Amino acid sequence: MIQHKLALAIAATFTLTGAVHAQSARDYINIVGSSTVYPFTTAVAEQFGKANKNFKTPKVESTGTGGGFKLFCGGVGVEYPDVSNASRAIKQSEIETCAKNGVKEIVEIKIGFDGIVVASSKKNAPMPLTVKDLWLGLAKQIPEPGTGKLIANPFKTWKEVNPDLPAKKIEVLGPPPTSGTRDAFVELVMDVGCEEFPAIKALDKKEAKAICQMIREDGAYIEAGENDNLIVNKLVANPNALGIFGYSFLEENLDKIQGETIGGVAPDFEDIANGKYPVSRPLFVYIKKAHIGVIPGITEFIAEYTSDKALGDEGYLAQKGLIPLPAGQRKHVVMDAKNLKPL
């Protein structure tokens with residue numbers, strides 16, 4: 001009887017060990033990162049799943065660019081993601097965190113360009129904005145007119161910011177600090193908009209940068225999470241609000257929302273591609289080289305992502321709103337990806 005119980009216990013132990021081992025051997029690609037890049041990578045993952053019956057469709061999660069790098073740089077092994085989507089280039093500090101945790105070879109693939117859109121409900125008249133207007137509307141501190149002394153942002157309406165704008169309450173739904181879209185908006189709008197003020201130029205460089213980049217926290221700017229579709233729905237429900245997100249979400253919802261002009265240029269495909277639209281940025285996908293050959297299908301997934309049918313001028317990602325790279329640059333990117341050239 002005792003021997004029988006002992007045999008059962010040993011069998012149970014082996015069964016449990018086997019289950020843990022089976023769970024540890026991941027057989028699908030795990031992708032995290034940018035909400036802006038999410039729809040593009042999801043489209044590639046679906047195409048990859050259809051075309052490669054030997055591999056499972058990759059799992060894609062929208063965690064934000066910063067959140068994605070945090071997970072991606074956590075280490076090497078099946079419990080860590082293989083790929084990270086990003087709506088900005090990886091920072092040096094993130095590369096160092098990766099290296100510290102054993103993630104030493106990272107392949108960067110620039111997939112194309114995107115415009116950061118300031119959008120509103122189609123029920124509104126268009127509101128022509130400038131980067132200066134946006135900074136004055138959203139900065140935590142601004143120079144007091146006349147004295148240049150820094151004060152807490154007093155503006156409640158867009159008309160107070162600029163007499164040519166409507167007397168609408170300043171209410172902007174935008175991404176959180178973990179988002180690459182937020183990083184790019186700060187760099188391309190907040191940093192540029194504050195340059196027009198001599199009082200800020202006169203400050204110490206570090207202090208000026210902090211003042212330029214601080215977004216107000218009094219309710220005028222509302223962090224809406226990493227779900228850009230949620231911002232679109234809130235704009236439809238609240239015609240007074242503005243929303244900040246990537247161009248592809250505007251293109252998908254042109255029946256409900258409109259993109260405001262910035263500096264007189266509309267956020268459309270051509271003007272983002274030719275650089276006329278002032279708030280545009282490159283988009284990236286990062287691959288953990290150590291996982292290639294361990295997690296099945298990564299090489300084939302890269303081949304699908306960098307194929308002409310995906311990234312080309314007439315590719316299925318352009319149809320989803322990705323602004324393709326110029327042909328010469330695309331050729332270089334594809335070659336580096338094929339050779340798995342690390343950063």
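Which side chain meets Glu94 in a salt bridge? In this predicted model, the partner is Arg88, with an N to O distance of 2.8 Å. Glu94 is buried, its relative accessible area being 13%. Arg88 also counts as buried, at 11% relative accessibility. Salt bridges with shared partners join Arg88 and Glu94 to Asp183 in one network.

The structure holds 12 salt bridges. Among them is the pair formed by Arg281 and Asp114, whose closest N and O atoms are 2.9 Å apart. Arg281 and Asp114 are both buried. Another salt bridge is formed by Asp27 and Lys56, with 3.1 Å between the closest N and O atoms. Asp27 lies in the loop between α1 (2-24) and β1 (30-33), and Lys56 in the loop between α2 (38-51) and β2 (59-60), so parts 29 residues apart in sequence are tied together. Asp27 is partly exposed, with a relative accessible area of 35%, and Lys56 is likewise partly exposed, with 48%.

Two disulfides were found in a search of the whole structure. In sequence order of the bonded cysteines, the pairing is 1-2, 3-4. The sulfur atoms of Cys73 and Cys98 are 2.0 Å apart and form a disulfide. The torsion about this S-S bond, between Cys73 and Cys98, is about -70°, so the disulfide is left-handed. Cys73 lies in the loop between α3 (65-72) and β3 (83-86) and Cys98 in helix α4 (residues 92-100); the pair links distant parts of the chain, 25 residues apart. Both Cys73 and Cys98 are buried.

The other disulfide joins Cys194 and Cys212, with sulfur atoms 1.8 Å apart. For Cys194 and Cys212 the torsion about the S-S bond is about 80°, so the disulfide is right-handed. Cys194 is located in the loop between α7 and α8 (198-201) and Cys212 in helix α9, so the pair ties together parts 18 residues apart in sequence. Cys194 counts as buried at 1% relative accessibility, as does Cys212 at 7%.

Helix α9 (residues 205-213) also packs against helix α7 (residues 180-193), at an angle of about 105° and with the axes 8 Å apart. The two helices, α7 and α9, are therefore roughly perpendicular. In the contact, Val186, Met190 and Asp191 of α7 meet Lys209, Cys212 and Gln213 of α9. By class, three of the contact residues are nonpolar, one is polar and two are charged.

Conventions
Residues numbered from 1 in each chain as written. Predicted model: local features only at pLDDT ≥ 70, side-chain atom pairs only at ≥ 80, totals over all residues. Heavy atoms only, no water. Axes fitted to C-alpha atoms, helices over the stretch in contact; angles between N-to-C directions. Helix = DSSP H or I, 4+ residues; strand = E, 2+ residues; numbered from the N terminus. Parallel < 35°, antiparallel > 145°, perpendicular 65-115°, else oblique. Contact = heavy atoms within 4.5 Å. Nonpolar A, V, L, I, M, F, W, Y, C, P; charged D, E, K, R; others polar. Disulfide = S-S within 2.5 Å. Buried < 20%, exposed > 50% of the residue type's maximum accessible area, 1.4 Å probe, protein only. Salt bridge = Lys/Arg side-chain N within 4 Å of Asp/Glu carboxyl O.
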